Amino acid sequence: MVTTASAPVPLLGFGAGETAPAAAAARTLPAEAYTSPTVLAWEVAELFARGWLCVGRSSEIAAPGDQRAVRAGDDAVLLVRGEDAVLRGFFNVCRHRGHELLPCGGATVHRRAISCPYHAWAYGLDGGLLRTPNFGDLPLDDPVRSGLNPARVAEWHGWVFVNVDGNAPALATYVADLEGLVRPYEPAQLVMVSSHEYTVEANWKVLNENYNECLHCRIIHPELVRLSAADSGINYEPQGMWVGGTMDLRKHAETMSRNGRGGRALPGLSEARRREVLYVGLFPNLLISLHPDYVMTHRLFPLSPSRTHIECAWLSLPENRDDGSLDEAIAFWDLTNKQDWTACESVQRGIGSRGYRPGPFSEQEITVSQFVALVRASYRAGAP
């Protein structure tokens, strides 16, 4: 992982190379970690920009000439599929006057070149400078002739990742042993079935912490525990930048859905895999839930210390999309999501109280403790 020292995270006292006390490492973070604009700005600049951030699916930019601008922390990156089918990234900035090349978050466009809408400068799909209208006397050694400034991108199982500062380890090193868990589900071969968007009044870390435990499930998810016992499954000991574990399906359940039934199982899964669900969180913003017949993801984008935008998507086989067999699963998770969001918003309000103090983790919150330990280590290192 990246170990280059940076300035300590503001307010929290985690300097580069410091070691957190053992007691603190097994507790939630100080309130400022969840409520301070200064801390969030530091996280976006030092953690989100220096790690691998998931920004979408390869299918959104699949054909040569496809272009799409995405937000990556404090930056915007233009994703471009070249004529050679290679996905490239460029900072979404024209070399002339700095105008955005495409509006961030807009739809994918298909063009033979990259064109600035301000003064019509044009670039090839490889980022090279093509045309500079009204600049016939542009010196041959002018730096803008080098074309668009590249941004580091990578694809993994159909997801697109951006490393804004360009210095993270290879994505394969970053995900490490998560590769072996995800590979049998072949997410790159799956299609989008549905997607929902939510804005939750809670810190992005509160949402991660909630996702990584089911101790609360008996209390707020009665529908879920009818399908999967809250204390079932195993927790992993990750080698990469992720945390997670499994939960087992009850005997009567085929999958996680309102009626316990689902679509055609994903090919290549063992019988054991068809009787469990894998829940993993890839730091910092991708939550992956691997089911027998679909893959669900949550992508988190912090808007403020107490507000996070979430994109939830369901991926599966084309036939499961076409015959509606996942409708009950989508409805189930929309309900479960909203139950979680209500709880997370209450946690956020509680953390904002003068009465909040960091609390301990139980043995059923091991993956939450692992996530918080990962955050603490990243605070100390100044990078993931």
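Two strands pair if DSSP finds at least two bridges between them. By that rule E14 and E15 form a hairpin, with 4 residues between them. The model described here is predicted.

**Strand E14: burial**

- Strand E14 spans residues 286-290.
- 5 of its 5 residues are buried, so E14 is largely enclosed by the rest of the structure.
- In a regular strand, side chains alternate between the two faces of the sheet.
- Both faces of E14 are covered.
- Leu286, Ile288 and Leu290 lie on one side, and these residues are buried.

**Strand E14: partners**

- Strand E13 covers residues 276-282 and pairs with E14 in the antiparallel sense.
- The E13-E14 pairing runs over 5 bridges.
- Val280 has Ile288 of E14 as its bridge partner.
- A hairpin of 3 residues joins E13 to E14.
- Strand E15 covers residues 295-304 and runs antiparallel to E14.
- E14 and E15 are joined by 5 bridges.
- Ser289 has Met296 of E15 as its bridge partner.

**The open sheet E6-E7-E8**

- An open sheet is formed by 3 strands, in the order E6-E7-E8.
- The pairing in this sheet is antiparallel.
- Strand E6 (114-115) and strand E8 (129-131) stand at the edges.
- Each edge strand has a single partner strand, so one side of each is left without a neighbour in the sheet.
- E6 and strand E7 (residues 122-123) are joined by 2 bridges and run antiparallel.
- Ser115 stands opposite Ala122 in E7.

**The disulfide**

- A disulfide is a covalent bond between the sulfur atoms of two cysteines.
- How many disulfides does the structure hold? It holds 1.
- Cys214 and Cys217 form the link, with their sulfur atoms 1.8 Å apart.
- The cut-off for a disulfide is a pair of sulfur atoms within 2.5 Å.
- The link of Cys214 and Cys217 is left-handed, with -110 degrees about the S-S bond.
- Cys214 has 9% relative accessibility, so Cys214 counts as buried.
- Cys217 is buried as well, with a relative accessible area of 2%.

**Cysteines too far for a bond**

- Cys104 has 27% relative accessibility, so Cys104 counts as partly exposed.
- For Cys312, the closest cysteine sulfur is again in Cys54. That sulfur is 13 Å away, too far for a bond.
- Cys312 is buried, with a relative accessible area of 1%.

**Helices H6 and H10**

- Two packed helices are described by the angle between their axes and the distance between the axes.
- Helix H6 (residues 204-211) and helix H10 (residues 327-351) pack at an angle of about 130 degrees. Their axes are 10 Å apart.
- That angle makes H6 oblique to H10.
- H6 passes H10 in a right-handed crossing.
- Which residues of H6 meet H10? They are Val206, Leu207 and Asn210.

Conventions. Residues numbered from 1 in each chain as written. Predicted model: local features only at pLDDT ≥ 70, side-chain atom pairs only at ≥ 80, totals over all residues. Heavy atoms only, no water. Buried < 20%, exposed > 50% of the residue type's maximum accessible area, 1.4 Å probe, protein only. Axes fitted to C-alpha atoms, helices over the stretch in contact; angles between N-to-C directions. Parallel < 35°, antiparallel > 145°, perpendicular 65-115°, else oblique. Left-handed = near helix turned anticlockwise from the far one by under 90°. Contact = heavy atoms within 4.5 Å.
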